[in-house]
Amino acid sequence: MPEVPEMAGEDIYRLRHWAKAKLDEAGDIPRVAVEARMGHELPGVEGTYSEVTVAMEERIVEYLQGVWEKEVVGTGLWTPPFPMALPDDLANAASPLVSGLPVLEYE
């Protein structure tokens with residue numbers, strides 16, 4: 001079993017709370033949707049009668065994607081690994097479904 005880095009749990013915790021802060025900044029995303037995204041339930045009447053809709057979830061995804069692209073990718077904090085450069089020799093390149101490792105032959 002691979003080892004989990006010591007900070008992995010803390011990084012996830014910080015990422016969740018970063019997303020919560022960003023959603024609170026948006027201002028146009030209903031509180032019930034933000035809290036549901038965090039795994040929380042609203043107390044009282046608001047929690048009983050409120051419901052998260054697909055449109056609310058789509059708005060959250062749209063907003064967080066925009067924030068990610070602007071604040072993380074746009075500032076160079078993270079560079080996506082794709083698109084990858086094509087092999088120089090496409091005729092001899094391995095199929096994308098094959099690892100390129102030698103094939104073991106059984107007798």
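Tutor: The discussion below takes up the fold, the salt bridges, a pocket and a surface patch in turn. This is a predicted model, in which local features need pLDDT of at least 70, side-chain atom pairs count only at pLDDT 80 or more, and totals for chains, interfaces and linings use all residues. Residues are numbered from 1 along each chain as its sequence is written, and side-chain values use heavy atoms, with hydrogens and water left out.

Student: What does the secondary structure of the chain come to?

Tutor: Helices (H or I, at least four residues) and strands (E, at least two) are DSSP runs, numbered from the N terminus. Here there are four helices and zero strands, in the order α-α-α-α from the N terminus on.

Student: How many salt bridges does a search of the whole structure find?

Tutor: A salt bridge is a side-chain nitrogen of Lys or Arg within 4 Å of a carboxyl oxygen of Asp or Glu. The search finds seven. One of them joins Lys22 and Glu25 (3.6 Å, N to O); both residues lie in helix α1, three residues apart, about one turn of the helix.

Student: Which parts does the salt bridge of Arg59 and Asp28 tie together?

Tutor: The two side chains meet at 3.0 Å, N to O. Arg59 belongs to helix α4 and Asp28 to the loop between α1 and α2, so the bridge ties together parts 31 residues apart in sequence. Arg59 is partly exposed at 24%, and Asp28 is partly exposed at 47%. Elsewhere, Lys20, Asp24 and Glu35 are linked in a network of salt bridges.

Student: What is the volume of the largest pocket, and which residues line the pocket?

Tutor: Rolling a probe the size of a water molecule over the atoms shows where empty space is left. On a 1 Å grid over the protein atoms alone, a pocket is an open set of points where a 1.4 Å probe fits, with protein on both sides within 12 Å along at least five of seven lines; lining residues have an atom within 4 Å of a point. The largest pocket has a volume of about 230 Å³, and its lining includes Leu15, Trp18, Arg37, Met38, Gln65 and Trp68. The elements giving two or more residues to this lining are α1 (8-26), α2 (31-38) and α4.

Student: Which residues form a nonpolar patch on the surface?

Tutor: Patches are made of residues with over 30% relative accessible area and no salt bridge, nonpolar side chains (Val, Leu, Ile, Met, Phe, Trp, Tyr) being joined within 5 Å and like charges within 9 Å. Trp68, Val73, Leu77 and Trp78 form the patch, with about 380 Å² of accessible area together. Leu77 is found in the segment after α4 (54-73) and is exposed, at 68% relative accessible area.

Definitions and conventions. Accessible areas come from the Shrake-Rupley method with a 1.4 Å probe; for residues, only the protein chains shown count as cover. Buried means under 20% relative accessible area, exposed over 50%, partly exposed in between (1.4 Å probe, protein chains only). Grid points are joined across faces, edges and corners, and a volume is the space filled by probe spheres set on the points.
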